[in-house]
Amino acid sequence: MSKISVYSWATPNGHKVHVMLEECGLPYEAIPVNIGAGEQFRPEFLAISPNNKIPAIVDPQGPDGQPISVFESGAILVYLAAKTGRFLPAGDRARFEVLQWLMFQMGGVGPMLGQAHHFRIYAPDKIPYAVDRYTNEARRLYGVIDKRLAASEWLGGAEYSIADIATFPWLRSWQNQGIVLEDYPHLKRWFDTIAERPAVQRGVKVLADLRKPITDDKAREVLFGSTQYARR
């Protein structure tokens with residue numbers, strides 16, 4: 001089987017796809033896109049990820065046997081689930097149960113925890129209003145997840161799914177989000193169980209040795225300054 005090319009970096013969104021590929025046992029090649037150096041703006045990457053965000057994949061054996069590229073981490077998870085028949089139920093009711101929690105991650109957990117990271121860790125000026133707003137939203141989201149996991153073993157229902165794979169990497173930095181994990185016992189049970197999965201342990205190591213702390217002004221400008229807003 002031909003390898004899937006994964007254009008990625010060691011971030012929560014990148015790790016979602018790394019973990020999924022490991023869980024599915026699909027052969028792949030991880031191609032680093034150093035977002036601190038601006039490699040996400042290169043024309044060859046924009047050709048497969050027009051929103052200049054990692055990750056993106058190229059599968060040489062797409063649904064019709066021809067190559068296909070897919071961007072957006074949630075879409076990639078759905079694509080890989082369809083390709084392998086794993087981690088997304090076939091039945092309509094169970095499938096939509098999973099998909100709603102995947103969308104919850106895409107629309108809530110990722111963006112809001114990303115803002116919590118930014119204003120708590122990366123913002124040059126610590127703005128109390130912003131820090132409080134996004135820290136409180138992080139706590140609210142953790143509470144939603146904890147309540148769900150009090151009633152369900154996994155986010156999407158009875159089985160481990162792409163909803164869990166998508167959400168777990170975002171919660172690995174809980175301390176940076178102002179969270180005390182023990183305050184959410186059902187979530188902690190779920191978190192610890194996923195963290196022990198061998199495929200997850202392999203997936204979160206992919207490209208991790210290449211990522212360095214953001215300390216220089218150039219990387220800060222590329223990630224948070226005017227560079228990212230230019231039309232391309």
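Which residues does Tyr160 touch, not counting residues up to four places away in sequence? The model is predicted, with local features needing pLDDT of at least 70, side-chain atom pairs counting only at pLDDT 80 or more, and totals for chains, interfaces and linings using all residues. Residues are numbered from 1 along each chain as its sequence is written, and side-chain values use heavy atoms, with hydrogens and water left out.

**View 1. Tyr160 in the loop between helix 5 and helix 6.** Tyr160 touches Val19, Glu23, Phe87, Trp154, Ile165, Ile194, Arg197 and Val200, leaving out residues up to four places away in sequence. Contact here means heavy atoms within 4.5 Å. Helices (H or I, at least four residues) and strands (E, at least two) are DSSP runs, numbered from the N terminus. With 9% relative accessibility, Tyr160 counts as buried; buried means under 20% relative accessible area, exposed over 50%, and partly exposed in between (1.4 Å probe, protein chains only). Look also for Asn34: Tyr160 and Asn34 are 126 residues apart in sequence and 31 Å apart in space, C-alpha to C-alpha.

**View 2. Helix 6 meets helix 7.** Two packed helices are described by the angle between their axes and the distance between the axes. Here the axes of helix 6 (residues 162-171) and helix 7 (residues 185-195) come within 11 Å and cross at roughly 100°, so helix 6 is roughly perpendicular to helix 7. Axes are lines fitted to C-alpha atoms, for helices over the stretch in contact, and angles run from 0 to 180 degrees between N-to-C directions. Angles under 35 degrees count as roughly parallel, over 145 as roughly antiparallel, 65 to 115 as roughly perpendicular and the rest as oblique. Helix 6 brings Asp164, Thr167, Phe168 and Leu171 to the contact, while helix 7 brings Leu187, Trp190, Phe191, Ile194 and Ala195. By class, this contact has seven nonpolar, one polar and one charged residues. Ala, Val, Leu, Ile, Met, Phe, Trp, Tyr, Cys and Pro count as nonpolar, Asp, Glu, Lys and Arg as charged, and the others, Gly among them, as polar.

**View 3. Helix 4 packs with helix 6.** Here the angle is about 10° and the axes are 9 Å apart, which means that helix 4 is roughly parallel to helix 6. From helix 4, the contact includes Trp101, Leu102 and His117; from helix 6, Ala166, Trp170 and Leu171 are among the residues taking part. The residues of this contact divide into ten nonpolar, five polar and no charged.

**View 4. Helix 5 and its buried residues.** Helix 5 (residues 128-151) has 24 residues, which at 1.5 Å a residue should span 34 Å; its end C-alpha atoms are 35 Å apart, which agrees. The expected span is 1.5 Å times one less than the number of residues. Among the buried residues of helix 5 are Ala130, Tyr134, Leu141, Ile145 and Leu149. The buried residues of this helix pack against helix 4 (92-122), helix 6 and helix 7.

**View 5. Trp190 in the largest nonpolar core.** A nonpolar core is a set of buried Ala, Val, Leu, Ile, Met, Phe, Trp, Tyr and Cys residues joined through side-chain atoms within 4.5 Å. Of the 53 residues in the largest one, Leu80, Leu187 and Trp190 touch the most other members. Strand 1 (4-8), helix 1 (12-24), helix 3 (73-84), helix 4, helix 5, helix 6 and helix 7 each supply at least two residues of this core. Trp190 touches Leu149, Glu153, Trp154, Leu155, Asp164, Thr167, Phe168 and Leu171, again not counting residues up to four places away in sequence. A second, separate core of eight residues includes Val33, Ile35, Ile54 and Leu223.

**View 6. The loop between helix 2 and strand 3 holds Asn52.** Asn52 has a positive phi of about 45° although it is not a glycine, and at 14% relative accessibility Asn52 counts as buried. Pro55 lies in the loop between helix 2 (43-46) and strand 3 (56-59), and the peptide bond from Ile54 to Pro55 is cis, with omega near 0°.
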